[in-house]
Structure formats: C-alpha cells, structure tokens
Amino acid sequence: MATLKDKTAIAGIGQTRFAKHLPESEKTLACRAIVAALDDAGIAASEVDAFASYTMEETDEVEVAKSIGAGDVTFFSKVGYGGGGSCATLAHLAAAVATGQASVGVAWRSRKRGSGPRPWKNTAVQLPTPAQWTRPYGLLRPADEIGMLARRYMHEYGATRDHLFNVALACRNRANQNPDAVMYERPLTRDMYMTSRWISEPLCLFDNCLETDGALACVIVSAERARDCRQKPVYLHSVAQGLPAQHHGMVNYWNDDPLTGPAWAAARQLWKQADFGPDDVDVAQIYDAFTPLIPLSLEGYGFCGRGEGAAFTEGGALESGGRLPINTGGGGLSEGYVHGFNLINEGVKQLRGVSTAQVADASTCLVTAGEGVPTSAVLLRS
C-alpha cells in the first residue's frame, strides 16, 4: 500500500510573537511568520508553489503569494473545522509534494482572536441546522459544549477537577520556561485554579485556552531536499484525518458513546500507517483548547484505556520527566492559542533538540488537532 510515510519533512518553522493585542493585520502577521519559516529553511520565497491553511483563515493564498513573492502556485487547499484542521494542512502538503504536484509547501495560521470578535456573537448569520437545536438553549460557546462533555466524563469515570488541574498545571509549567509564551513567568497554583471564576461549569478560567493574536507557519519539502536545507529535517512519518460515523461537532450526540470522539477515528488510521505505537512516543503536543480534551485524547490515541485518561494525569505524568510530557511550549492553555499551530512548531523544536523544555533524546512526537470536531494528527520523527 502506498503511503506518505517519511516521504516529506518540515524544513522550516516561523512565528510572530503572541499577545492579547498586536497592532498588525492578520495578513501582515501571516506573511511575517511565513517569511521567517522560509528563512529558517534557507529557501527563497520564489520557490514556494503550494499553500495550505484553514477555511477559517481570513488571509487567502492569493494575497499571501503576492506579498511574499511566491512564483507560480500549483497546489492550494484549505481545511475546515477550526482547530481540527491544523495537522491536516501538513497532510495536504505532504501529499502534494510526495506526488509531484508541488515542491515547496507552506502551511500557516494567522489569527487575531485576542483583539478580534467572537464568532458566536454574529446573530445576523443563520445557524447551521444542528446548532438550531442547541444554541437557543444555552450551548452557545465551545466552552459550553465541552463543559457538557466534561460533566458526562466526570460522571461516567470519576474524573475530578484535580485531574483537569493536572493538565492546566503541566501546560503552565512549560510556559513558565518559554520566553515566547504569553504566560511566561506567571505560575499557576492549585488555589488559584480552584478559586477562579467559572466560564462554563465545570470549566473554570484556567480550563480554557488563551485568547491570542499571532501567526505561525512551516515549510514542507521532500525528504531528499530537506536533508540539504538549513535545519535538521523533521519527517512526517504518518498523517491522518478523522470524522467518525454519525458525528455532531463538539457534542457528538448521535454516536453510541458521545465520549468517543474524532480522535479515535484519526488514531486508527494514524497508527495503521506507522512503524511505531503509542508506547514509543517520546513527547506529545495534544490540542488543548480546553483541559478535558487532554484525557479524552490520551484515550483516543491509545496511551491508556477507555475512562483512564483522567488517572493518567496523576503523579506528574504530563510533566517533564513524566510518562508522557505534553505541550512543552505551554500549548493553547498557556503559550498562545492559534488554532493549534504552535503545537506543530513545538513538535519540530523538540525533534531538533531546541525546545525550552527539551525532552532528552526525543526522536518521536505526536501532534494532534482539535478533539471534538473532525480532526487530524501527525506523527513526527527525527
């Protein structure tokens, strides 16, 4: 069976700074991140012939290509479902490069969520049909929808707020080591967590990701070319997307088990194409828009059994030196929330050996996109 295994690599990464408010436009931020990634790879902008981003990305490839000075573009795509599309942008470019449709691909995400409007505030747009059955009754924001899933998970499997705190603390501790993180040198304590305001019970302030302005990008080329680029190549070992049967975004009402989300579908495809399994992953960058997504993803991607994700977080398992260090730049909870793209770049840093919270001798990394929506994932190796 033909696969994309190790046929392409990430040759360059770039990012802007992260903040609650940045004065530049999303287009400017996007171009700066892309130019930085190309410089990191040592590749001229004129060689770029492929682009991939999110359907929610407001800076299109036409404007980006003109602004950075790209040549003729022979492949371009966008992936839906918000944070669920992050790793899929890499998959699309890997397929394009591996099949000869393009030679230098750029994936990016630019967002001004910190200073921009909230998507759910636009009452002039008619709701999609599924949302017409939920939004009028209070499930208005993603936090409300994940809050309901979290309550069900706590009821079914005995998870507690202490388990969610373990997730928030691990991400904050790594951000405290990362000068680029919004929460750099801003420690989190259990008392701060337990006494913080509710956002959507049982989710408190620190169970929710940051609201961030910023942009990130990466450059994908063939494995052969990557070996001659400026940086140590990080190979795309396996890539997958996942949309389970009878899925309903965020709340998964019509699945036999609402807590078996898209991660399970993506994981089956991801591991099927890989030469190693969950026990061989040195470090993971797991999508963390909300803390409950971590235990759900730990189960979905096979690091523990059904209902065991909460207990997995105990005893410092997610910290540096633990069973599975996660989100070593701080993640969406504490570094910056740009629809998960910072998790990709952090995975690359780990396998280059340059992370601010470096895992010793890391050679494999799982990066996941948003759980709860049609999702994607990538296994990186050095």
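Author: The model is predicted; local features need pLDDT of at least 70, side-chain atom pairs count only at pLDDT 80 or more, and totals for chains, interfaces and linings use all residues. Residues are numbered from 1 along each chain as its sequence is written, and side-chain values use heavy atoms, with hydrogens and water left out.

Reader: Is Thr 291 buried or exposed?

Author: Buried means under 20% relative accessible area, exposed over 50%, partly exposed in between (1.4 Å probe, protein chains only). Thr 291 counts as buried because its relative accessibility is 0%.

Reader: Which side chain makes a polar contact with the side chain of Thr 291?

Author: A polar contact is a pair of N or O atoms within 3.5 Å; within protein, one must be able to donate a hydrogen and the other to accept it, and residues adjacent in sequence count only if both atoms are side-chain atoms. Here the partner is the side chain of Asp 207, at 2.7 Å.

Reader: How many disulfides are there?

Author: A disulfide is a pair of cysteine sulfur atoms within 2.5 Å. The count is zero. Cys 209 is in none; its nearest cysteine sulfur, that of Cys 171, is 11 Å away. Cys 365 is in none either; the sulfur of Cys 87 is the nearest, 9.4 Å away. Cys 365 counts as buried, at 0% relative accessibility.

Reader: How many residues of H13 are buried?

Author: Helices (H or I, at least four residues) are DSSP runs, numbered from the N terminus. In H13, 12 of the 12 residues are buried, so the helix is largely enclosed by the rest of the structure. Gly 353 follows H13, with a positive phi near 85°.

How values were computed:
Helix = DSSP H or I, 4+ residues; strand = E, 2+ residues; numbered from the N terminus.
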